[in-house]
Amino acid sequence: QPPRSCEDYWWEWKHCRGLRHAFHHYYAHGELPACRRWRDDYEACRAWEKGRAAAAQEALCKSERARVMEKQKYAPVWTLRKSPPPDWHRPLDQDK
Amino acid sequence: MKEEDSASPPVAEEEDDFGYRLFPDRNKKPQSFLARSFFTFHNRCQVMLRMTLETNPYAQLLLEAMKQSGCTVFNDRHFACEDCDGCVSGGFDSATSQIVLCQNNIRQQSHMNRVVTHELIHAFDHCRAHVDWFKNVKHLACSEIRAANLSGDCTLMNEIARFKFGLKGHHQTCVRDRAIRSILAVRKVSKETAQKAVDEVFDACFNDLEPFGRIPHSKADAKRAYRDFQNRDRYNANL
């Protein structure tokens, strides 16, 4: 199945094109948003659902993987933990 | 301590107290039950906190994300309403894994929502990563950038209320400034050191949007982000 439901792609596209989002994007990034990609993803998702077209599946997955890669563009500042901090649940009077 | 809405930078020369002087009730015995009667700041703080944790989508997403990371948050263990000095609104005490809320400085529910979100982001960072709060200024800077970015601290309305005006990309200017102010309030470092640390980590940390996946500019955005978070297993499995 597609990574997100087709309604989610539709929602993201409609939201992206709205005035409110355009304002917030300009305020945060200094430029207007590019929404074309959400529309392409929505159409690929629909094609996937209708006919299981391999090309549509590949295009959609490639687009989503690219989104993930964009988020991992920068080297992290800290190392991630493998388990939570051991003293997170320690009772308070033991900390003193 | 990590804190927000700081007063002016601390006086130098003494050893670094890591901001604890702003929270004089830390490491003191809690007040007796009779001292904390109805209609006190303490009571109001508790009521507003409860409202935030139960209804605010920013807080709910962070609580869920922390639970998934193994740090379930309990109201009575991980939150403390205390009196604080100056204009401080809250802080995260990594030594005791507690979020401190300044009952004498938080007057409105919307402010409580923002402070809780801000401090929960610090707690989330503490939970998922080895953050060296006390010795590494870059780690502190990173968490402050994220907290200012994602908690709603830097909305246009909040900035206008502080008489800071700007539009194109002003969010980033606000995030930088607030991160620097927060660092200066809790560490005995020079403004140049704080600025340098923020500049070095800004790109990486401004773009680290975990667990929201987007910059939430409204409760609707936060609700959407919560929904995406709940669906992330499906998302990761089908990439």
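Which cysteine forms a disulfide with Cys142(B)? The partner is Cys205(B), and the two sulfur atoms are 2.0 Å apart. A disulfide here is a pair of cysteine sulfur atoms within 2.5 Å.

Before I continue, a word on conventions. This is a predicted model, in which local features need pLDDT of at least 70 and side-chain atom pairs count only at pLDDT 80 or more, while totals for chains, interfaces and linings use all residues. Residues are numbered from 1 along each chain as its sequence is written, chains are lettered from A and ligands numbered from 1 in the order in which they are written, and side-chain values use heavy atoms, with hydrogens and water left out.

Let me return to the opening pair. The link of Cys142(B) and Cys205(B) is left-handed, with -110° about the S-S bond. Cys142(B) lies in helix H5 (residues 137–150) of chain B and Cys205(B) in helix H8 (residues 191–206) of chain B, so the pair ties together parts that are 63 residues apart in sequence. Helices (H or I, at least four residues) and strands (E, at least two) are DSSP runs, numbered from the N terminus. Both Cys142(B) and Cys205(B) are buried; buried means under 20% relative accessible area, exposed over 50%, and partly exposed in between, with a 1.4 Å probe and protein chains only.

A further disulfide of chain B joins Cys154(B) and Cys174(B), with sulfur atoms 2.0 Å apart. This pair links distant parts of the chain: Cys154(B) sits in the loop between H5 and helix H6 (156–161), and Cys174(B) in helix H7 (residues 170–186), 20 residues apart. The link of Cys154(B) and Cys174(B) is left-handed, at -80° about the S-S bond. Cys154(B) is buried at a relative accessible area of 1%, and Cys174(B) is buried at 1%.

In chain A, Cys6(A) and Cys45(A) form a disulfide, again with sulfur atoms 2.0 Å apart. Cys6(A) belongs to helix H1 (residues 6–17) and Cys45(A) to helix H3 (residues 36–51), so this pair ties together parts that are 39 residues apart in sequence. The torsion about its S-S bond is about -95°, so the disulfide is left-handed. Cys6(A) is buried at 0% relative accessibility, and Cys45(A) is buried at 0%.

How many disulfides does the structure hold over all chains? There are seven. Counting bonded cysteines along each chain, the pattern is 1-4, 2-3 in chain A and 1-3, 2-6, 4-5, 7-10, 8-9 in chain B.

Cys61(A) is buried, at 8% relative accessibility. Likewise, the sulfur of Cys87(B) is 10 Å from the closest cysteine sulfur, in Cys102(B), which is too far for a bond.

I turn now to the backbone of chain B. A cis peptide bond, with omega about -10°, joins Glu210(B) and Pro211(B); Pro211(B) is in the loop between H8 and helix H9 (219–230). Phe18(B) has a positive phi of about 55° although it is not a glycine, and it is partly exposed, at 25% relative accessible area. Ser97(B), also not a glycine, has a positive phi near 55°. Ser97(B) is in the loop between strand E3 (90–93) and strand E4 (98–102), and is buried at 1%.

Finally, 18 of the 20 residues of H4(B) are buried.
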